[in-house]
Amino acid sequence: MNTASGARILVIDDEPQIRKLLKVTLQAHQYEHYECVDGEEGIVQASIVHPDLIILDLGLPGISGMDVLRRIREWSQVPIIVLTAKDQEADKIAALDGGADDYVTKPFGMGELVARIRVALRHVAKTTDEPVLRFGSLAMDLALRQVELDGEQIKLTPTEYEMLKVLASNAGKIITQRQLLQQVWGAHHHESDSHYLRVYVGHLRKKLKEDPTSPTFIQTEPGIGYRFLLQDET
């Protein structure tokens with residue numbers, strides 16, 4: 001897996017202007033660039049090229065971007081950043097719940113997209129079987145179920161610990177409210193239970209000594225979910 005220059009990026013988008021802009025930008029940042037104009041070709045190329053990251057337009061002709069996302073997720077966990085002209089929260093949540101790692105709404109700034117690419121690649125590079133996750137002053141020992149901040153152990157309830165584990169294990173990715181509810185409370189949860197998330201995130205932030213208006217660790221994605229920040233995102 002290439003995390004810097006040389007990472008292979010597959011663009012699946014039917015708009016010539018977007019593909020041209022992405023090609024110039026990605027090559028300028030020394031990424032290997034591949035492109036497709038429709039979903040069927042994109043699925044085939046994803047299996048041949050084995051990209052390090054995919055940029056996927058949802059508004060494709062023929063097979064939809066959501067179908068492409070679902071089919072790729074059947075066999076690959078490659079990071080996927082969705083491009084969408086749809087700015088409705090429901091569309092973004094559907095893409096994230098369907099397996100996307102992040103999204104960018106059209107029209108978008110290339111600086112923002114490149115930053116999202118770097119975060120997604122760093123998240124994959126950080127994925128490890130090591131039992132200790134480290135984020136600046138925060139250390140989380142998954143084997144011992146212990147959390148330390150500035151070298152001092154902090155006490156978390158079982159639910160707080162599970163929520164922090166889900167977020168920290170997916171650092172850099174947006175985790176939707178639905179995903180958090182399922183992974184922390186189980187499949188029996190109800191969407192109306194989302195108020196639990198606000199309560200427990202508030203508890204976590206207090207114990208992590210962070211200001212929610214300028215988060216160090218847990219960033220709120222309004223109406224969608226939460227993102228645990230890689231430290232150079234803050």
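Predicted model: local features only at pLDDT ≥ 70, side-chain atom pairs only at ≥ 80, totals over all residues.
E1 spans residues 8–12 and E2 spans residues 32–36.

The domain assignment divides the protein chain into domain 1 (8–127) and domain 2 (132–228). Their centres, taken over C-alpha atoms, are separated by 27 Å. Domain 1 contributes twelve residues to the contact, and domain 2 contributes 16 residues. The size of an interface is often given as the accessible area lost when the parts come together. Here, the area buried between domain 1 and domain 2 is about 1100 Å². Carbon and sulfur atoms give 53% of that area.

Polar and charged pairs also cross the interface. Three salt bridges are counted between domain 1 and domain 2. Four residue pairs are in polar contact across the interface, with both residues at pLDDT 80 or more. On the side of domain 1 that touches domain 2, helix H4 (89–97), strand E5 (102–105) and helix H5 (110–126) each supply at least two residues. H4 gives the largest share of that side, with five residues. A salt bridge also joins the side chains of Asp101 and Lys173, at 3.4 Å from N to O.

Side chains of opposite charge can pair when their charged atoms come close. The structure as a whole holds 17 salt bridges. One is formed by the side chains of Asp13 and Lys106, with an N to O distance of 3.3 Å. Asp13 lies in the loop between E1 and H1, and Lys106 in the loop between E5 and H5, so this pair ties together parts that are 93 residues apart in sequence.

Two backbone features remain. Most residues other than glycine have a negative phi, and most peptide bonds are trans. What kind of peptide bond joins Lys106 and Pro107? The bond is cis, with omega of about -10°. Pro107 is placed in the loop between E5 and H5. Lys106, the salt-bridge partner of Asp13, is therefore in the loop between E5 and H5 as well. The other feature concerns His50, which has a positive phi of about 50° although it is not a glycine. His50 sits in the loop between helix H2 (39–49) and strand E3 (53–57).

Methods:
Residues numbered from 1 in each chain as written. Heavy atoms only, no water. Pairing = 2+ DSSP bridges. Helix = DSSP H or I, 4+ residues; strand = E, 2+ residues; numbered from the N terminus. Domains from an automatic or database assignment. Contact = heavy atoms within 4.5 Å. Buried area = accessible area lost by both parts, 1.4 Å probe. Salt bridge = Lys/Arg side-chain N within 4 Å of Asp/Glu carboxyl O. Polar contact = N/O pair within 3.5 Å; in protein donor to acceptor, adjacent residues only side chain to side chain.
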